[in-house]
Amino acid sequence: MKRTIFMAGAMLATTALSPAFAQDAGVTIVLGEEPDLVEPCMATRSNIGRIVLGNISETLTELDVRGDEGLKPRLAESWEMVGDATWRFHLREGVTFSDGSAFDAEDVKHSFERAQSDQITCEISRYYEGIEITPEVVDEHTIDFTTDPAQPILPLLMTLLTIVPSETPIEFTREPVGTGPYTLSDWAPGQSITLERRDDYWGEAPEVASANYVFRADPSVRAAMIATGEADIAPSISAIDATTEMDMSYPNSETTYLRIDQSMAPLDDVRVREALNIAIDREAFVGTILAEGTELATALNVPTTLGWNPDTETRPYDPERATALLEEAKADGVPVDTEILLVGRTGNFPGATETFEAIQSMLSDVGFNIRLQMVEVAEHEQYYSKPYVDTQPVLVGAQHDNSRGDPVFSMYFKYHSDGRQSGIADEKADELIEAATAATGEEREALWSELFGYLHDEVIADVLLFHMVGHARVGDSVDFTPTIATNSQLQLAEIGLN
């Protein structure tokens, strides 16, 4: 019997599992990218989150993506507002970390402060940017979070905070300790990662006893490994390979776009940014490189997000106008002949390299001087998050995942002047983001909608490309159905065995 979970990026010979492993209800999962870290506070990166989130590390709350329960308890049993800007969380008792230590409010306080520390750059901290949040321990199993401005959806924000013991040092760890149902038992860099089920987990024991993650960059290889029984789940394969009864499609909440760094000419000129948008024939990608069902994007968030603006429309493909805009800008002294670096991430999604190569060609055809550079995830981060390493005008090809339904998880760090991954500095955008973040109800929805329209129609902040569709291949020996969350996490507790 063979079971494997695939991740792209490494060369590892897959061997048949021993009978003991098979009897122990193990699975193999194949992913497209090998993580460079297994740090819990980086779990919002999909290549880390699919291993860590909900498996090794847990959060105070979680969002139900398989039913209609909405926000559910996890490490917090309940929560309520105890003031205009203070939320109180009542923590679950009897929970222990995988090192045997007891879980309490001090661990929650330390986890938040560690994630916010300026000594490390935690991915999850970006979701709290622009908000002053102060944790205060009330007692062993009660903690308050006071926010400025007031945060009506703070419990939803707590679906991101991964909890570690209070003894965890500030620096990144290679041996994560969590309250989740699994522990990291082995990590062979470039080869595999293995998780083992805990016997002392506080909750219901998952059916899967162990998981072996391996990595393959080629989506067709990942698909083939499931077909031959070498692995059980490949959560991301290409549309071209998704042709069997084992394949499932799912809305993966990812938006593919080019982040425009507007700090350098010629990208600081709105005519140049418009030309970038209309020089790309988005429709040509759908059903060819990208899957049928892929939607053209007019916002960074998917249409199910609160405040999504239906009045914004995709700019039509118009290479002749793009060329004319560049010529007009050049006549006004804009250095449109300057080389622009297009940075794409290898293995970011099936067909990523082909997509960015086609985009480079289309932009070059209208007069842009584009140099394409495909990079791995660690190098990509240098271009994607501040402080940028940009030494020339840069377009960063990226994907953004917001499956939680509110733009607060996207807007500040993507578009505020102080946002960690923002390419713009616009006073009106800053004001709208700050007002919407603190608002509630219809006012909140209206402000987000206004922001979406402003960014698209007037600022032209990005080259918005596609709302993506994901494809997974699932072997006959397991029972698993992907959801909108599968792109960012893969909880082993949701996998059954046939």
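Start by selecting Phe97 and Phe103: both are buried, where buried means under 20% relative accessible area, exposed over 50% and partly exposed in between, with a 1.4 Å probe and protein chains only. This is a predicted model, so local features need pLDDT of at least 70 and side-chain atom pairs count only at pLDDT 80 or more, while totals for chains, interfaces and linings use all residues. Residues are numbered from 1 along each chain as its sequence is written, and side-chain values use heavy atoms, with hydrogens and water left out.

Next, the rings. Rings of Phe, Tyr and Trp (its six-membered ring) pair if their centres lie within 6.5 Å; planes under 30 degrees apart are stacked, over 60 edge-to-face, the rest tilted. The count by this rule is ten aromatic pairs. Phe97 and Phe103 are an edge-to-face pair, 6.2 Å centre to centre with 70 degrees between the planes.

Now select Phe112 and Tyr128. Their ring centres are 5.5 Å apart and their planes stand at 65 degrees, so this pair is edge-to-face. Phe112 lies in helix H3 (residues 105-116) and Tyr128 in the loop between H3 and strand S7 (132-139), so the pair ties together parts 16 residues apart in sequence. Helices (H or I, at least four residues) and strands (E, at least two) are DSSP runs, numbered from the N terminus. Phe112 is buried at 3% relative accessibility. Tyr128 is buried at 0%.

Last stop: charges over rings (NZ of Lys or CZ of Arg within 6 Å of the ring centre and within 35 degrees of the ring normal). Select Arg174: its charged end sits over the ring of Trp187, 4.1 Å from the centre. Then select Arg404, whose charged end sits over the ring of Phe409, 5.9 Å from the centre.
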